[in-house]
Amino acid sequence: MGSSPFNAKFYEGQKSLLLNLKNELLNSIKNKSQEDLHVDVDEVIEDGDQAQTYLNQNIQFGLRERELSKLREIESALTRIEDGTYGICEETDEPISKKRLQKMPWTRLSIQAAEEVERERQNFQRVS
């Protein structure tokens with residue numbers, strides 16, 4: 001990682017952090033999948049209960065999709081560590097701050113680029 005903005009110790013720490021987050025997410029997804037498959041035989045579902053169950057399932061699927069999305073971002077960050085592009089903003093090609101990477105080790109954007117992307121997204125939603 002010749003011209004990288006951080007030292008090897010920082011990258012090793014981030015890699016370890018990302019691997020821990022990945023394992024936590026995988027365990028969480030696995031546990032939730034097992035819970036979703038469990039059906040209580042004594043449970044009699046009435047119309048109101050059925051609607052609540054449906055709503056809960058939709059919430060769970062939304063949470064699972066966010067977990068899978070975060071897992072993909074973590075995998076991508078691990079790949080960037082390996083190929084030497086970790087910590088470089090994908091929009092500006094400038095180093096991402098160490099503080100931001102420590103808080104969100106999977107991030108692809110500097111805070112300035114992330115704010116700009118968010119502004120563009122909000123403007124697009126207003127126009128649509």
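Buried means under 20% relative accessible area, exposed means over 50%, and partly exposed is in between. Keep that scale in mind. This is a predicted model.

Salt bridges first. Side chains of opposite charge can pair when their charged atoms come close. The count here is seven salt bridges. I'll go through some of them.

Start with E65 and R72. They form a salt bridge, with the closest N and O atoms 3.2 Å apart. How accessible is E65? Its relative accessible area is 43%. That value falls between 20% and 50%, so E65 is partly exposed. R72 comes in at 48% relative accessibility, so R72 counts as partly exposed too.

Next, E73 and R108. This is also a salt bridge, and the closest N and O atoms are 2.7 Å apart. Where do the two residues sit? E73 is in helix α2, residues 47-83. R108 is in the loop between α3 (98-103) and α4 (111-127). The two are 35 residues apart, so the pair links distant parts of the chain. Accessibility: E73 has a relative accessible area of 24%, so E73 is partly exposed. R108 is at 26% and counts as partly exposed.

Stay with R108. Its side chain also meets that of E90 in a salt bridge, 3.0 Å from N to O. R108 lies in the loop between α3 and α4, and E90 in the loop between α2 and α3, so this pair ties together parts that are 18 residues apart in sequence. E90 has 42% relative accessibility and counts as partly exposed.

Now the aromatics. A pair of aromatic rings is described by the distance of the centres and the angle of the planes. How many aromatic pairs does a search of the whole structure find? Four.

Take F6 and F10. Their centres are 4.6 Å apart, with 40° between the planes, and the pair is tilted. F6 is buried, at 14% relative accessible area. F10 is buried as well, at 7%.

F6 also pairs with Y11. Is that pair stacked or edge-to-face? The centres are 6.0 Å apart and the planes are at 70°. The cut-off for edge-to-face is over 60 degrees, so the F6 and Y11 pair is edge-to-face. Y11 has 2% relative accessibility and counts as buried.

Last, the grouping. F6, F10, Y11 and Y86 form one aromatic cluster.

Key. Residues are numbered from 1 along each chain as its sequence is written. This is a predicted model: local features need pLDDT of at least 70, side-chain atom pairs count only at pLDDT 80 or more; totals for chains, interfaces and linings use all residues. Side-chain values use heavy atoms; hydrogens and water are left out. A salt bridge is a side-chain nitrogen of Lys or Arg within 4 Å of a carboxyl oxygen of Asp or Glu. Buried means under 20% relative accessible area, exposed over 50%, partly exposed in between (1.4 Å probe, protein chains only). Helices (H or I, at least four residues) and strands (E, at least two) are DSSP runs, numbered from the N terminus. Rings of Phe, Tyr and Trp (its six-membered ring) pair if their centres lie within 6.5 Å; planes under 30 degrees apart count as stacked, over 60 as edge-to-face and the rest as tilted.
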